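Subject: Model for your files

Hello,

Here is the model I said I would pass on. My notes on the strands, helices and aromatic rings follow below it.

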Amino acid sequence: MFKKIVLSLLFLVLIIGTANAVDVDNLKTPDNFEDIGDGVYVLYDSFKNADEILSIVEYHEHDWDDYTTNDTENQYTVYEDNHTYNYTDNSVNEIGSFELIKINGTKYIVDFAKNGATNDLKFTYENLMEFNKLNNITPIEK
């Protein structure tokens, strides 16, 4: 009897875990982003080159610290505004916008990134805002 209870509880935990994962997989993205798996979506330009990348990764403290810490040696600068962040990474010619969200009790980092100049930040920021609107999401504090 005890084994049946334990197996039932384990099965329930697996079902709940799967349901949580499905919610993240069902998030809506701005137009024309293609799902390439593992929480990564790509917006291709007219030549089929990756123009912008959306990644949704589960929050871990060390990752968050990497995202939010300025690093002048590696030419990485991040700016925070009302729980959304914009960054430039001159060492790899990348810019982007990201935030922290929570779905079913699990935190995720949502990051829109692209190669380009700092003035291209408006595109990553607008896509982040569109993502929030489509999914009725508000960024949270760490």
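Strands S2 and S3 run antiparallel and are joined by five bridges. Strands here are DSSP runs of E with at least two residues, helices are runs of H or I with at least four, and both are numbered from the N terminus. Two strands count as paired if DSSP finds at least two bridges between them.

This is a predicted model, in which local features need pLDDT of at least 70 and side-chain atom pairs count only at pLDDT 80 or more, while totals for chains, interfaces and linings use all residues. Residues are numbered from 1 along each chain as its sequence is written, and side-chain values use heavy atoms, with hydrogens and water left out.

Sheet

Asp35 stands opposite Tyr41 in S2, and Gly37 has Val40 as its bridge partner. The S1–S2 hairpin has two residues between its strands, with Asp38 in the turn at a positive phi of about 55°.

The whole is an open sheet of seven strands with antiparallel pairing, in the order S1-S2-S3-S7-S6-S5-S4. Its edges are S1 (33–37) and S4 (76–81), each of which pairs on one side only.

Helices

Helix H2 (residues 61–68) lies across S3, S4, S5, S6 and S7, running at about 145° to S6. Helix H3 (residues 121–135) packs on the sheet and touches S1, S3, S5, S6 and S7, its direction making about 15° with that of S6. Contact means heavy atoms within 4.5 Å; axes are lines fitted to C-alpha atoms, for helices over the stretch in contact, and angles run from 0 to 180 degrees between N-to-C directions.

Aromatic rings

There are nine aromatic pairs. Rings of Phe, Tyr and Trp (its six-membered ring) pair if their centres lie within 6.5 Å; planes under 30 degrees apart are stacked, over 60 edge-to-face, and the rest tilted. Tyr59 and Trp64 make a tilted pair, 6.3 Å centre to centre with 55° between the planes. Phe112 and Phe131 are edge-to-face, at 6.2 Å and 70°. This second pair links distant parts of the chain, with Phe112 in S7 and Phe131 in H3, 19 residues apart.

Regards
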